[in-house]
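Biologist: I am new to this one. Please show me the sequence and the model, and then let me question the labels.

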Amino acid sequence: MSSKSYFDEPGDEGGKLSKKAKDSPFMVVGLAGFVAAGLIGAYKYKHRGTMSTSVFLMQLRVAAQGTVVGCLTLGLAYTMYNQYFVQKPKEDTKLSS
């Protein structure tokens, strides 16, 4: 077996996953939400009572899509805030003639 890791690059101190997490912090939130939704869904599926499986999966799908849309919205707002309010916009140094 190969000892090559999918998360590390040779010469990269933090690895691909940590570099990506620094670039887009909501990726980590999305991964945690994915795991949490899976675990909560599995628990609720076991204790769903008389609800049919198709109805349960439909409700779980709607909840998962709502979570994704919320995370995308928060990520976009975070990026826009950093780009336009925290960092000064780069001005073009060329003069138009």
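Modeller: Start with the largest pocket: α2 gives the largest share of its lining, six residues. This is a predicted model, where local features need pLDDT of at least 70, side-chain atom pairs count only at 80 or more, and totals for chains, interfaces and linings use all residues. Residues are numbered from 1 along each chain as its sequence is written, and side-chain values use heavy atoms, with hydrogens and water left out.

Biologist: What makes a space a pocket and not a cavity?

Modeller: The test uses a 1 Å grid over the protein atoms alone. A cavity is a set of points where a 1.4 Å probe fits but cannot get out. A pocket is an open set, with protein on both sides within 12 Å along at least five of seven lines. Lining residues have an atom within 4 Å of a point.

Biologist: What is the volume of the largest pocket, and which residues line it?

Modeller: The volume is about 200 Å³. That is the space filled by probe spheres set on the points, which are joined across faces, edges and corners. Phe26, Gly30, Gly33, Phe34, Ala37 and Gly38 are in the lining, along with Ala64, Thr67, Val68, Cys71 and Leu72. The elements giving two or more of these residues are α2 (26-46) and α3 (53-86).

Biologist: How do you know which stretches count as helices?

Modeller: Helices are DSSP runs of H or I with at least four residues; strands are E runs of at least two; numbering starts at the N terminus. The protein chain has three helices and zero strands. Along the sequence, the pattern reads α-α-α.

Biologist: How does the lining of the largest pocket divide by class?

Modeller: Seven residues are nonpolar, four are polar and none is charged. Nonpolar covers Ala, Val, Leu, Ile, Met, Phe, Trp, Tyr, Cys and Pro; charged covers Asp, Glu, Lys and Arg; the others, Gly among them, are polar.

Biologist: Which element gives the most to the lining of the second largest pocket?

Modeller: α3 does, with six residues. This pocket has a volume of about 160 Å³. Its lining includes Ile40, Lys44, Phe56 and Gln59. By class, six are nonpolar, three polar and one charged. At least three residues come from each of domain 1 (20-48) and domain 2 (50-90), bounds taken from an automatic or database domain assignment.

Biologist: Why is Leu72 called exposed?

Modeller: Exposed means over 50% relative accessible area, buried under 20%, and partly exposed in between, with a 1.4 Å probe and protein chains only. Leu72 has 59%, so it is exposed. Leu72 sits in helix α3. Its C-alpha is 8.1 Å from that of Phe26, 46 residues away in sequence.

Biologist: What is Val29 called by its relative accessibility?

Modeller: Val29 has 42%, so it counts as partly exposed. Val29 lies in helix α2. The C-alpha atoms of Val29 and Gly75 are 9.7 Å apart.

Biologist: How much of the chain is buried?

Modeller: Of 97 residues, 5% are buried.

Biologist: Which residues does UniProt list as "transmembrane region"?

Modeller: The unreviewed UniProt entry lists residues 26-43 and 63-81. Such annotations may be inferred rather than shown by experiment; names are shortened and positions follow the numbering used here. In the model, residues 26-43 are 100% helix, with end C-alpha atoms 25 Å apart. Residues 63-81 are also 100% helix, and their end C-alpha atoms are 27 Å apart.
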